[in-house]
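Please look through the sequence and the model with this report beside you.

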Amino acid sequence: MSKLTGSRKATQFTESVIREMTRLNELYGGVNLSQGFPDFPAPDRIKEAACAAIHADINQYAVTWGARPLREAIARAFTHRYSQPVVADEQVTVCCGSTEAMMSTMMAIIDPGDEVVIFEPFYENYGPDAILSGATPRYVTLREPDWSFDPEELAAAFNEKTKAIILNTPNNPTGKVFTRDELETIAVLCRKWDAIAISDEIYEHIIYDGQPHVPIATLEGMADRTVTINGLSKAYSVTGWRVGWTISPPSLTGAIRKVHDFLTVGAAAPLQEAGAAAFELPEQYYRDLAVQYQRRRDMLLDILERHHFTCYKPSGAYYIMTDISGFGFRDDVEFARYLVKDVGVAAVPGSSFYKNAATGRTKLRFCFCKRDETLREADRRMAKLVPAGSSIH
Ligand SMILES: Cc1ncc(COP(=O)(O)O)c(C=O)c1O
């Protein structure tokens with residue numbers, strides 16, 4: 001057999017469906033409500049800080065595990081917000097986005113045969129992350145309408161081979177915000193089975209209706225067994241900057257830093273300086289961010305409901321999962337292609353968030369990190385949509 005093929009690992013997963021939808025959207029000139037990036041500007045203050053850093057010639061490699069001002073700002077913010085001390089030198093590693101932070105963490109802690117518990121629907125990177133790191137994934141389903149999990153199903157997914165659980169709160173794609181009780185159920189299992197919680201909290205500040213964000217690291221006995229992952233992308237609307245980080249217990253930091261160093265050396269030095277400046281924004285910035293996103297959530301909910309989607313109202317993050325069974329298409333992929341090609345709106349097929357694709361076949365995810373006029377344009381275009389039985393497609 002020819003050796004001119006991809007590795008077994010690389011053939012076990014497909015290219016990103018989300019980014020494929022973005023490409024299709026460009027092809028058909030649609031309104032892109034698929035990939036989660038804002039189409040409005042980032043705050044001036046941090047853009048100016050980035051330009052100033054380049055002009056000040058902060059243009060060479062930063063310390064591989066992150067420029068000190070940013071690492072200290074990350075540690076200070078977590079300590080201040082959650083009253084739990086984080087030591088920058090021992091616990092914080094800056095990576096190229098939280099995407100790399102997750103990959104470095106998994107490669108740093110997983111051995112072949114280790115099991116990792118993943119909630120589904122999941123952010124689509126977690127599947128390939130598990131394959132690339134050699135983990136055997138064990139999926140536990142979050143069930144609509146409230147995306148709760150069955151504690152017994154979760155308990156049954158843990159065993160002596162469980163090395164970690166991947167958690168994402170506020171959650172993409174469901175908008176679920178895990179409650180303290182749910183996190184405690186997870187923490188009990190982590191403590192029982194000596195497992196690590198890898199908690200992707202990139203939507204920390206995008207949370208609605210006055211709900212608190214609870215980092216699982218702050219639960220009793222969890223600081224020593226949690227890697228918290230976060231980044232600049234969502235809180236400061238700079239998804240293209242590629243700056244993220246891990247906050248890990250000191251026992252895991254060395255391994256994460258080594259993997260990170262040999263994967264990427266480091267994140268862009270001037271953008272790390274700008275990241276430190278971002279942490280100087282007042283608390284009001286985060287309150288406004290949440291208020292603005294809640295307003296956009298309500299706007300898109302109204303649009304989608306008027307156009308016959310069944311919506312699951314999100315409590316955080318900037319996505320709405322919908323049920324599309326009423327439209328009478330064969331499946332989510334067929335409907336998503338129709339939507340981008342004939343209606344001119346891109347969304348993500350639900351099946352890309354599930355291991356068991358069948359569970360996602362009736363779902364479609366829309367994002368609302370967009371300007372009002374973008375959402376209004378999607379509204380106008382969706383006027384074409386009719387539920388099954390009302391007209392021909
Ligand atoms: C849950 C989740 N984690 C991570 C990321 C990627 O973050 P970053 O830009 O920091 O790599 C995303 C982006 O959509 C996300 O939704």
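## Two helices side by side

When the directions of two axes are compared, angles under 35 degrees count as roughly parallel and angles over 145 as roughly antiparallel. In this predicted model, the axes of helix H12 (residues 283-306) and helix H15 (residues 372-382) come within 10 Å and cross at roughly 5°. H12 and H15 are therefore roughly parallel to each other.

The contact between these helices can be followed residue by residue: on the H12 side it includes Arg295, Arg296, Met299 and Leu300, while on the H15 side Asp372, Leu375 and Arg376 are among the residues that take part.

Four strands, in the order E9-E10-E13-E12, form an open sheet with antiparallel pairing. Its edges are strand E9 (310-312) and strand E12 (348-349), each of which pairs on one side only. Strand E12 is joined to strand E13 (residues 363-367) by two bridges in the antiparallel sense, and here Pro349 stands opposite Leu364 of E13.

Strands of a sheet pair through backbone hydrogen bonds, and they may do so in a parallel or an antiparallel way. Strand E5 (residues 162-168) has six of its seven residues buried, so E5 is largely enclosed by the rest of the structure.

Strand E3 (residues 115-120) pairs with E5 in the parallel sense over four bridges, and within this pairing Val117 has Ile165 of E5 as its bridge partner. Strand E6 (residues 196-200) also runs parallel to E5, to which it is joined by five bridges, and Ile165 stands opposite Ala197 of E6. Together with helix H9 (residues 180-193), strands E5 and E6 make a right-handed β-α-β unit.

## A residue in a loop

The loop in question is the one between E12 and helix H14 (357-360). When its neighbours within four places in sequence are left aside, Ser351 is in contact with Asp332, Val333, Ala357, Gly360 and Arg361.

Notes: Residues are numbered from 1 along each chain as its sequence is written. This is a predicted model: local features need pLDDT of at least 70, side-chain atom pairs count only at pLDDT 80 or more; totals for chains, interfaces and linings use all residues. Side-chain values use heavy atoms; hydrogens and water are left out. Buried means under 20% relative accessible area, exposed over 50%, partly exposed in between (1.4 Å probe, protein chains only). Two strands pair if DSSP finds at least two bridges between them. A crossover is right-handed if, with the strands pointing away from the viewer, the path from the first strand over the helix to the second runs clockwise. Axes are lines fitted to C-alpha atoms, for helices over the stretch in contact, and angles run from 0 to 180 degrees between N-to-C directions. Angles under 35 degrees count as roughly parallel, over 145 as roughly antiparallel, 65 to 115 as roughly perpendicular and the rest as oblique. Contact means heavy atoms within 4.5 Å.
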